Structures are given as structure tokens and as C-alpha cells.
Amino acid sequence: AAAVPTLAIGKSKLEVSQLIQGYWQLAGGHGAYTEAEAIANMRAHLAAGATTLDTADIYGPSELVVGKFVAEEKRAVACTKFCCFQGLDSIDRSQVRARVKKQLSRLQVPQLPLVAFFWSDYGVKRYTDVGLYLTELKEEGFIREIGVTNFDLTRVKALVDAGVPVASNQVQLSALDRRPVQSGMARYCADQGIKLVAFGTVGAGLLSERALGASSAQWTDFDNISQRMYSGTATRFGSWSLVQSLLQTLAAIAKEHPGASIANVAQRYVLQRSDGADVALLVGVRNTRHIADNVRTFSFSLSDGELAAIDKVVAQRSGPKGDVWDLERGRA
């Protein structure tokens, strides 16, 4: 069986697994679950080598459930987010401190391993202030490493230039969404030693055998919020026939690697076409069905010719245009 490699994040060399368990799924909108089922999923993924879990302060009970697992499984690394949507003009040092202490309590840890900072409105230019408040908490030992999520290149540079030690940027990145690469973000991160945490790498199953040969109508009967989100990414990428052309290319390459799936090839493309940046793959976890498949991604590499074949299809895309999360912020 393939082993899941690790990446060292930040100056502290925080070790995260290159396959990260994502728990947005515990926030709702992805189907019902019990806490026991969720923790059983966490345990099975950890046993397969995905030692790192991703949650957020805005994911409903997710931090609490992850915290219960981390309390009983010391190998687990719980990464979370610090999301700012409201009161951006007034958020101050004491509020940031109180929120971080609440996260420590929910996750049942003495130190948050990685906090990914999100800021919803660039029009309110206080993101560097809040980044520096988080930096103070890092210096006090409450936070080990600071990351960002869905920040564009201009704002990542602003944080770094202000003295915020940004260690990672969590971004949507796939064959369907190349914004972190086309904007220069990935190259800047590579130069700065900032790691990328890529989500949406298989588009909630869109880049898999399930969609190969399907009609676009068949791909609009969604049972969860992730599928609705990534269908929008596919629409911006181009026509359904172009999406099918991409799937056919990925399928042909998969046949050259024994046991590999379309999803494996799609994930390898993200790992190997990131403009020099080191990438960890964040996969949303609802069950244990895809563990072996996700781990298999680390058992082979794509050749230059195979990468070029995918590049050729990807080059025909219409979008998404712009920088990271521009569209989602209403900026494009």
C-alpha cells in the first residue's frame, strides 16, 4: 500500500499529512451523520496515514467533534480556521484572543497547530491588523502556525510584508480551477516557502468515473452543497463537452497506471502542476469509501507527456478567470 507523505509547514516544521481530512461536511448540507460515525471515519482515515484534520470555527459542531477525536488520538493534528465575516471594522485584539481561546477549548488542545485566517471583505482593510493580532497569539504560544484561506496574491503579500508569518494558503485548485497558478499566487508561495492546501481537487466527484460519459443533465441532480458548488466551477471552465474531453484524457492516463482512477490522475495533476509550490490535498470526508483511492494518489507520478496531454485540454478553458476566490467574493 502507498504511504501518505508529510509536509513541514512553517518555521516550526509542523508535520501535516499530504492527505488532509476535511470536515466542512460536519457543518450540514452534506447529509445526516452521527458523532460516532464521524469519529469512526476520522479513525479509519488516520489509520491510512491521513493524520491531519481540517475544520473551522464556522463549521457548526465540527470543531467540537474533531476535538473529541483529537483528545483520544494524540497522533491527530487538528487544523482550524479563524473566519471574519461580520464586524470587520471593530474586531480588536481582545476579541481575537477570546475567539482563539474558545477554539482551544472546543478542540481540546493547549495550542492550535494551524489557524487559517479568512477575511470576507477586502474593502475593509483591517486584515493586516487582525493577522498581526493572531501573530501575537502565536508568539505567546496559543497558535503554532498561521495560514490563510482563499486570500489572493495581493493580500497574501500585504500580510507577509506586514510581518504576519503566513505558512499556508488553503485554496480551490484543480484541473478545472487554475486560479492559484494563473494569478502568480502559487509561484509566490513557492518562493516564500508557503504551502498550498488544495481543496476541490476532484470537484466533489465531478473528476471521477461517475461523470465520465454522463450528460450535463445527469450532473445536476445534487444531493449536497459541495456538488452544487463544483458544478459552478465546471460551468465556468467551459462547455460540458470540454469537461468530458478532460475526463476522457484523465481516464486514458489512468489506464497507464495499474489501479489508478480518474480522481487519482486529477489529484496528481494538482500535486505536479502547482508552479513549484508544495501542496497538500484536502479531501472532504463523509464516509470511508474513498480512503484507499485517495491514498493511491501517492503511489505513482505523471510523466511529462501525460502532464502535457492534460495541459492541452486545460488550456482550452474559459475560466474561472482572475485570482483566488475573486468570483466568490463578487470581484470578477
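Visitor: How do the residues of the lining of the second largest pocket divide into nonpolar, polar and charged?

Guide: This is a predicted model, where local features need pLDDT of at least 70 and side-chain atom pairs count only at pLDDT 80 or more, while totals for chains, interfaces and linings use all residues. Residues are numbered from 1 along each chain as its sequence is written, and side-chain values use heavy atoms, with hydrogens and water left out. Ala, Val, Leu, Ile, Met, Phe, Trp, Tyr, Cys and Pro count as nonpolar, Asp, Glu, Lys and Arg as charged, and the others, Gly among them, as polar. Here the lining has six nonpolar, three polar and three charged residues. Among them are Lys 11, Glu 145 and Pro 165.

Visitor: What does contact look like for Phe 82?

Guide: Contact means heavy atoms within 4.5 Å. Leaving aside neighbours within four places in sequence, Phe 82 is in contact with residues including Asp 57, Ile 91, Arg 99 and Leu 134.

Visitor: Which helix gives the most to the lining of the largest pocket?

Guide: Helices are DSSP runs (H or I, at least four residues) and strands are too (E, at least two), numbered from the N terminus. Helix 8 gives the most, with four residues. Strand 5 (77-84), strand 10 (279-284) and helix 11 (291-296) each supply at least two.

Visitor: And how does the lining of the largest pocket divide?

Guide: That lining has 18 nonpolar, 19 polar and eight charged residues.

Methods
1 Å grid on protein atoms, 1.4 Å probe; cavity = no way out; pocket = protein on both sides within 12 Å on 5 of 7 lines; lining within 4 Å.
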